[in-house]
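Biologist: Thanks for sitting down with me. Could we go through the labels on this structure and ask what stands behind each?

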Amino acid sequence: TAYKNQGKLGDAIAAYNKALELNPNYADVYRSVGEVLRDQGRYDESVAAYKRALELNPDLPMANYSLAVYLYDSGDLEGALEHFQRSQYADWQERSLYCLYKTGQFEEFKNGLDALKRSKDNSPFLATLAGHYAENFGTENDYNFCKNPLDFVFHTEIPELKNNSEFLDQLLQDIYTCDVDEKSQGRLYNGVQSSGNLFKRPEASFRQLAEYVAQAVERYRQTFAGENCQFVKAFPKTTEFASSWYVKMKSGGHLTSHIHEEGWVSGSLYLSLPKNKQHEHEGSIELSTHGDDYPKKHDNFPTKTIAPEVGDLVMFPSSCFHRTIPFSSDEERICIAFDLKPV
C-alpha cells in the first residue's frame with residue numbers, strides 16, 4: 001500500500017502477491033490488488049480480483065465498493081447500485097443516489113435525497129446531486145453546502161512559477177524524470193495522469209510547490225471566510241492534500257466533465273499550456289453546475305470558462321463540474337491537480 005501511494009504500482013503488485021503467498025485467503029489483499037490493476041488499466045484482471053475477494057468474504061465492504069465503482073464508471077449503474085448498497089462504505093449513499101438519478105428513477109432518488117439531506121450536511125457529492133436536481137426540475141435547493149459553486153471559483157497565481165522561472169524548469173524536469181507510474185483514467189483523452197500523491201513524493205520541487213499551494217489555499221480561505229454555507233464553515237482547518245497528481249495532454253487532449261467525489265476543494269495549477277490556438281478557449285477549464293451526462297430537462301445551466309496562463313491556479317468546490325476544452329496545438333498541456341478535504 002505504501003508503494004501504491006508512492007505511485008510504484010508494479011512494486012505494489014509484487015508486495016501484494018507476496019502477502020497472498022503467506023495467506024492465500026486474505027480477501028482484502030485481493031481487493032487491494034484490484035485497485036492497483038485498475039490504475040494500470042487492466043480492468044478485466046481488476047474485476048476478477050474484486051470478485052475473488054467477494055468469494056472469500058461476500059460482505060467485505062471495500063470489495064463491494066470497489067466493484068461498484070468499476071461498474072459505475074463502466075455504465076452498469078444497476079449493478080453498481082446493488083454493490084454500493086451492499087458495501088455501506090464511505091459515500092455509498094450518494095453514489096447510490098447518483099445511480100438512481102442517472103437511470104431516471106426520479107421519485108426514488110428524491111425520497112432518498114430528502115432523507116440523506118436531513119442526516120448529512122457536509123457532503124460535496126450530495127451538494128452536486130441536490131443542486132442539479134433543483135436546477136433541473138425548477139425547485140428550491142435547500143441543501144446549504146454550497147448552493148452556487150461558481151461563486152466560489154478562485155483564480156490566482158503562484159508567483160514563483162511566472163516569467164520562465166528556474167523553479168518552473170525544475171518542476172517540469174522532475175515531472176518527466178520522477179519514478180512514478182502513470183495510471184489509466186477513463187475520462188482523459190490523449191493524455192496521461194500520475195499515480196500516487198505527488199505532493200508527498202521526495203522530490204524537493206514537489207514539496208516546495210505544496211507549500212506555495214498551501215499559501216494560495218489560505219488566500220482562498222480568507223477570501224470566502226464570511227460566507228454562510230457549510231463549504232466555508234467546515235473548510236479544512238489544515239491544508240492536508242488528500243491527493244495530487246499531474247496530467248499531461250497532447251494535441252486533441254481533454255478531460256470530460258466530472259466532479260471530484262472525494263474532495264472538498266479542488267484545484268488545478270498550470271505549468272505548460274498550448275499557445276497556438278484555433279480559438280481563445282482551447283485548453284481552457286470550463287466549470288458548470290451541469291456535467292457528466294446528468295439527465296437534463298433544459299439547457300439553462302450556468303458555466304464559467306477560464307483561459308489560464310502558466311503559473312495560474314484555479315480552485316473551486318469539489319462539487320462543481322469541470323472539464324478541459326480540447327486543443328489542437330502540438331504543444332503539451334501540463335497541469336497539477338489536487339484535492340483537499342477535512343481530516
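Biologist: Why are α5 and α7 called roughly parallel to each other?

Modeller: Helix α5 (residues 61-73) and helix α7 (residues 92-102) pack at an angle of about 30°. Angles under 35 degrees count as roughly parallel, over 145 as roughly antiparallel, 65 to 115 as roughly perpendicular and the rest as oblique, so α5 and α7 are roughly parallel. Keep in mind that this is a predicted model, where local features need pLDDT of at least 70, side-chain atom pairs count only at pLDDT 80 or more, and totals for chains, interfaces and linings use all residues. Residues are numbered from 1 along each chain as its sequence is written, and side-chain values use heavy atoms, with hydrogens and water left out.

Biologist: Which residues of α5 and α7 meet?

Modeller: From α5 there are Y65, V69 and Y72, and they meet W92, R95, Y98 and C99 of α7; contact means heavy atoms within 4.5 Å. By class, the residues of this contact are six nonpolar, no polar and one charged. Here Ala, Val, Leu, Ile, Met, Phe, Trp, Tyr, Cys and Pro count as nonpolar, Asp, Glu, Lys and Arg as charged, and the others, Gly among them, as polar.

Biologist: What makes A216 buried rather than exposed?

Modeller: Its relative accessible area is 0%. Buried means under 20% relative accessible area, exposed over 50%, and partly exposed in between, with a 1.4 Å probe and protein chains only, so A216 is buried.

Biologist: Where does A216 sit, and what does A216 touch?

Modeller: A216 lies in helix α11. Leaving out residues up to four places away in sequence, A216 touches F154, T156, I158, L313 and M315.

Biologist: How do you know that β5 and β8 pair?

Modeller: Two strands pair if DSSP finds at least two bridges between them. Strand β5 (residues 265-272) and strand β8 (residues 312-317) have five bridges, in the antiparallel sense, so by that rule they pair. For example, S266 stands opposite F316 in β8. Helix α11 (residues 204-223) packs on the sheet, touching β1, β4 (241-255), β5, β8 and β10 (333-340).

Biologist: What is the strand order of the open sheet of three strands?

Modeller: The order is β7-β6-β9, with antiparallel pairing. What makes β7 (303-306) and β9 (321-324) edge strands is that each pairs on one side only. Strand β6 (residues 285-288) is joined to β7 by four bridges, and K304 in β7 is the bridge partner of L287.

Conventions
Helices (H or I, at least four residues) and strands (E, at least two) are DSSP runs, numbered from the N terminus. Axes are lines fitted to C-alpha atoms, for helices over the stretch in contact, and angles run from 0 to 180 degrees between N-to-C directions.
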